[in-house]
Amino acid sequence: MHRSFAQLTLLNPNIAYQYAFVYIRQTAIHIRNAVISNKRKDLVQSVYNWQLMQCLYMWTRVICHSHSSTEETEALRELAYPLVQIVLSTLKLFPSPRYLPLRAHCVELLLQLQATCDKFIPTLSLSVELMAEMTSILRSKPRQTKMAGHAPDLATMLKATTQQGGDPQWRKAMVEEIFRLLVQSSHVIAAHPAFPDVTLPLVHRLRSMIKGCKNVGDVHADEEPLR
């Protein structure tokens with residue numbers, strides 16, 4: 001549906017810009033209200049839900065299509081910057097480990113924008129931050145739950161329950177998802193001259209996280225450590 005909608009917007013980019021501007025602005029207002037209310041629970045929930053996430057996915061697809069199109073889509077392309085700021089604000093609104101799946105969705109959106117719009121977005125450092133929070137979860141011992149043996153579908157998840165946070169299957173899936181984001185974030189900037197300088201401090205941070213994590217073996221016992 002997102003792809004079809006994005007293709008429709010390119011039929012008349014000037015009219016599409018008017019609607020995109022209004023809806024992106026409305027999304028920004030929701031996030032601003034949640035921020036200035038000292039992250040009141042009901043206002044945070046008005047942002048951290050599938051309706052808003054699908055909205056972000058849809059407009060991300062539209063902006064990405066406008067950058068890859070040969071049509072006159074300059075107006076739509078200008079919305080890339082405010083959309084990036086909205087996704088970043090969503091990611092940082094309520095940095096709780098329980099919302100790691102939602103924040104992984106946000107990094108995925110930023111990766112799409114970075115790869116298509118040729119904009120520098122600190123997706124690599126954001127992915128490392130997610131891995132750091134995941135490492136703090138791994139420091140506690142996993143526990144068997146009723147969901148044991150069932151691999152969670154992170155693509156349809158925004159929030160992890162307390163029970164899921166201790167489930168080995170959820171932990172493994174979450175680590176693999178964040179690792180995928182790390183690899184993709186590195187790939188996007190791999191050809192940039194500053195790549196070694198950007199990655200060096202992050203590699204040191206990853207090494208220190210692995211050394212400080214006592215239960216890495218519970219997640220990937222068969223994998224080699226980072227060297």
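In what kind of crossing, left-handed or right-handed, does α8 pass α10? The crossing is left-handed, a term used when the near helix is turned anticlockwise from the far one by less than a right angle, with clockwise being right-handed.

Before the rest, some conditions. This is a predicted model, where local features need pLDDT of at least 70 and side-chain atom pairs count only at pLDDT 80 or more, while totals for chains, interfaces and linings use all residues. Residues are numbered from 1 along each chain as its sequence is written, and side-chain values use heavy atoms, with hydrogens and water left out.

Back to the helices, which are DSSP runs of H or I with at least four residues, numbered from the N terminus. Helix α8 (residues 123-138) packs on helix α10 (residues 168-188) at about 160°, with the axes 9 Å apart. Axes are lines fitted to C-alpha atoms over the stretch in contact, and angles run from 0 to 180 degrees between N-to-C directions. That makes the pair roughly antiparallel, the word for angles over 145 degrees.

Now the charges. The structure holds 4 salt bridges, each a side-chain nitrogen of Lys or Arg within 4 Å of a carboxyl oxygen of Asp or Glu. One joins Glu-133 and Arg-103 at 2.7 Å, N to O. This pair links distant parts of the chain, α8 and helix α7 (residues 100-117), 30 residues apart.

Glu-177 and Arg-180 meet at 2.6 Å, N to O. Salt bridges with shared partners join Glu-108, Glu-177 and Arg-180 into one network.

Terms used: Helix = DSSP H or I, 4+ residues; strand = E, 2+ residues; numbered from the N terminus. Parallel < 35°, antiparallel > 145°, perpendicular 65-115°, else oblique.
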